[in-house]
Amino acid sequence: TGSTRPQRLLRAVQKKATQGDPQSVIATIDDFCRHSEWAMNVGDEKGLILDSIVSEVNPSTALELGTYCGYSTVRIARLLPPGGRCITLEFNPAYAAVARQVIAWAGIQDKVQLVEGPSGDLIPQMKELFGVQTFDFVFLDHWKDRYLPDAKLLEECGLLREGTVLLADNVICPGTPEYLQYVRNSPRYESRYFKSHLEYTKVEDGLEKSVFLG
Ligand SMILES: Cc1cc(C(=O)N2CCN(C)CC2)sc1-c1cc(O)c2nc[nH]c(=O)c2c1
Ligand SMILES: [Mg+2]
């Protein structure tokens, strides 16, 4: 009954990061993953691309699919305008438990609503559960086989508006070919690939930014 990797990551944050300082939480996790144990956070290189797109969109309402340990949740939430909020969905309760504590350590818990459950079940409940009209920004980082069905579900539920930005992690590694084919060929999206690397490695990966055209 030893600790899990997410628990060891959380312990590093609580030991080394400054409470209430999102940047120090981000830096601590990146250091842990680079020098102690690799973990599937979006990371520092792709994280800078995420930051620039979140800053450009300046979302009032952001949705993250796949919280894991909360690293990208902290990256997104620290950049939100006053009154802005990030709803993040996590299927795995053990990951969610760690993420809540990482998000709290960063001091941005008031901007975040973490919901446990399958994205396919929760997305249709966003309006009734959280009074969401439409999302300004969606970060897809959960499971490659859910990117396409969940993007279609967001469309069908009327949760996207003209100009909503979808940003997808791991479109090369592990890879989401069906999702890429859809957003790059659908007349309803304007899509662009941001070449980068798999977090903390030299392996190619990238982010796909797709603007919903309504
Ligand atoms: C688990 C895993 C293993 C990968 C890999 O190629 N590896 C070789 C190189 N070594 C070092 C690490 C391991 S890539 C990856 C991964 C990365 C993400 O960003 C993910 N994001 C969301 N949901 C996922 O399931 C997800 C998986
Ligand atoms: Mg990822």
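These legends walk through several close-up views of a predicted model. Local features need pLDDT of at least 70 and side-chain atom pairs count only at pLDDT 80 or more, while totals for chains, interfaces and linings use all residues; side-chain values use heavy atoms, with hydrogens and water left out. Residues are numbered from 1 along each chain as its sequence is written, with chains lettered from A and ligands numbered from 1 in the order in which they are written.

View 1. A nonpolar core is a set of buried Ala, Val, Leu, Ile, Met, Phe, Trp, Tyr and Cys residues joined through side-chain atoms within 4.5 Å; buried means under 20% relative accessible area, exposed over 50% and partly exposed in between, with a 1.4 Å probe and protein chains only. Helices (H or I, at least four residues) and strands (E, at least two) are DSSP runs numbered from the N terminus.

**View 2. The surroundings of Ile29.** Leaving aside residues up to four places away in sequence, Ile29 touches Leu9, Val13, Asn41, Tyr71, Val102 and Tyr200. Contact means heavy atoms within 4.5 Å.

**View 3. The magnesium ion (ligand 2).** Asp141 (OD), Asp169 (OD) and Asn170 (OD1) are its protein donors, 2.0 to 2.2 Å away. Donors are N, O and S atoms within 2.8 Å of the metal (3.2 Å for Na, K and Ca); water is not among the atoms, so sites may look incomplete. Along the chain the donors follow the spacing D-x27-D-N. Asp169 counts as buried because its relative accessibility is 0%, and Asn170 is buried at 12%.

View 4. Phe, Tyr and Trp rings (six-membered for Trp) pair if their centres lie within 6.5 Å; planes under 30 degrees apart count as stacked, over 60 as edge-to-face and the rest as tilted. Tyr68 sits in the loop between strand S1 (61-65) and H4, and Tyr95 in helix H5, 27 residues apart. With 11% relative accessibility Tyr68 counts as buried, whereas Tyr95, at 24%, counts as partly exposed.

**View 5. Tyr147 and Tyr179.** These rings are also edge-to-face, 5.7 Å centre to centre with 90 degrees between the planes. Tyr147 belongs to helix H8 (residues 147-156) and Tyr179 to helix H10 (residues 177-185); both tyrosines are buried.
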